[in-house]
Amino acid sequence: MLKMHAVETGYGDAQALFGIDLTINEGEVVTLLGRNGMGKTTTIRALMGLLPVWKGQIEFNGQDLTRAPPFLRAQAGIGLVPEGRQVFPTLSVEENLVATAASRFGNKRWHLDRIWQVFPRLLQRRNNRGNELSGGEQQMLAIGRALMTNPKLLILDEATEGLAPLIRADIWACIAALKAEGEAILVIDKTIQALTNLADRHVVIEKGRVVWTGTNEEFLADHSITDRYLHL
Amino acid sequence: MSGPLILSGKRSSFWPVVVLCLGLALVPLVAVLTKQGHWVSLTTQMMILALAALSLDLILGIGGLLSFGHAAFIGLGAYTTGILIQEGKGDLFIALPMSLVVSGLFAFVTGIIALRTRGVVFIMITLAFGQMAFFAAQALYAYGGDDGLTLDGRSTLFGLKLLSNKIVFYYLTFFCLAGCLLLLQRLSRARFGRVLLGSRDNAVRMETLGYDVFRVRLVAYVLSGMMAGLAGFLLANHTEFVSPAYAAWQRSGDLIFMVIIGGVGSLWGAVGGALTYLLLEEGLSGLTEHWKVIFGPLIIAFVLLTHGGIEGVVTRVRDLLDGGRHD
């Protein structure tokens, strides 16, 4: 479904990615692992069109998106839950969701009622503004907002960062439920424990390069990966 | 630029709009009863500028784009109307659509360039385009140049001089203002308005959710320019005079003040702000010729003390009356 091939990019003159390969198939949950500053979020930014791709290719469902602006990538079916949540502060919860509703793309798997079902908490807060929500609620809203675009691939960048353990568990349960429905998901997170319960495949990035990739079983069997690339 | 906003769902702008519209609708009646005929003309002028301020609030308040050349659209609408009247083609059904087309086209072309920039650059580019319109008007020697142009009369309606009647013209202006206010209120609550407002908060986020933010902003910019062009059409007819001053940057600055006094992004607040601004100007200039010395500090104090202009005050009063019914 998604094929990133030898993607290079950077900020200004500073190259950050040195040829990232990333493939995600239908219904697959893939993680992007690596220490801070290794290029995980940069990969997402390149994938979403927020950084120009210097070299390489990005293909999504057979469509070449390498040079496409962000809005076309979203319309093609890539839904991003960004780091830091970034809900619209002056829009109400409902407006945050409705403004982004993607009935305009034809596919209507996700609609307001279903979001309320998955996140009853948001229904209680539907008339509150984005900046009146707690961190956990904002995270739910950010996920709900991405789902309302009816993505074929959902990207979660640090979706549980800075949240209380109970709320984290809620978010993980929600992600598991999405997986059960066959949603393809790309996750970046620091809680490896939770990721190994969920993921099909892992991709480890170091210094802008993919240094390891394999299935969840292979990852669990080889402790040296965690020691080498992930522990501080 | 984050004033209180009407879009949060719990704050309705229904009553302020009703009060504003009813008040304005009754002005001619009161003026006739109290034999203060000049009120009608004065209020007409105020409503025309309120319409221009309202149009600015769409892109400034909801879109978060500080256009410093908004008076250019008034000038374009006014000159289009003025020139057509001078050439004997001043019928409402020619002059009005032409004013809208010309100001809309100008907004489209300048918007395509200006909307690629942000922040201070956007302010400077819109100012530059505004000045271009101003100097172009000054260079129209055939139509008065620097001195402006006194018109032979007002637009006609299928040859009838209906608009020359003060009351008829008052209500024409009133319906233009009320209609635009209602249209923008509806639009701001529709997806278009929410996307525009969301883009103001975080344009990159809106892009990644699948919206072509540039296009949404361009539509808003053109719509806003056309509404200001409508104000220009009305202004030329009202004063039976057009002048480069209509497009001057000082006028653009006035419009920004009106929006800020009213409460940025609240739409009806822009109308209230314009009326307040012009009433103050009128009242103070009657007191002393150095009225600007009082006017300036008064405006600053008002903005500082009210936190969000008229709309902010009204909202807080209503919250008090509600007695904290919502958390």
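What share of the 232 residues in chain A is buried? I looked this up and found 56%. I note that this is a predicted model.

**Chain A, overall form.** I went through the secondary structure next. Chain A has 10 helices and 10 strands. Then I checked the dimensions. The C-alpha trace spans about 45 × 35 × 30 Å along its principal axes. I also looked up the radius of gyration, which is 17 Å for chain A. A compact globule of 232 residues would come near 17 Å, so the two agree.

**Chain A, contacts and surface.** I took the contacts between residues at least 6 apart in sequence. Of these, 66% join residues at least 24 apart. The accessible surface is about 9,600 Å². Carbon and sulfur atoms account for 51% of that surface. For charge, I found 25 positive and 26 negative side chains in chain A. The centres of the two sets lie 4 Å apart.

**Chain B, one helix.** I turned to α11 of chain B, residues 268-287. This helix has 20 residues. From its first C-alpha to its last it reaches 29 Å, close to the 28 Å expected at 1.5 Å a residue.

Which residues of α11(B) are buried? I listed several, among them Trp268(B), Val271(B), Leu275(B), Tyr277(B), Leu278(B) and Leu284(B). Glycines are in the list too, including Gly269(B), Gly272(B) and Gly273(B).

I then asked what the buried residues of α11(B) pack against. The partners in chain B are α1 (14-33), α2 (38-62), α6 (166-189), α10 (249-262), α12 (291-306) and α13 (309-322).

Note on methods: Residues are numbered from 1 along each chain as its sequence is written. Chains are lettered from A and ligands numbered from 1 in the order in which they are written. This is a predicted model: local features need pLDDT of at least 70, side-chain atom pairs count only at pLDDT 80 or more; totals for chains, interfaces and linings use all residues. Side-chain values use heavy atoms; hydrogens and water are left out. Helices (H or I, at least four residues) and strands (E, at least two) are DSSP runs, numbered from the N terminus. The radius of gyration is taken over C-alpha atoms; the globule rule is 2.2 Å times the number of residues to the power 0.38. Buried means under 20% relative accessible area, exposed over 50%, partly exposed in between (1.4 Å probe, protein chains only). Contact means heavy atoms within 4.5 Å. Accessible areas come from the Shrake-Rupley method with a 1.4 Å probe; for residues, only the protein chains shown count as cover. Lys and Arg count as positive and Asp and Glu as negative; His and the chain ends are not counted. The place of a charge is taken as NZ of Lys, CZ of Arg, CG of Asp or CD of Glu. The expected span of a helix is 1.5 Å times one less than its number of residues.
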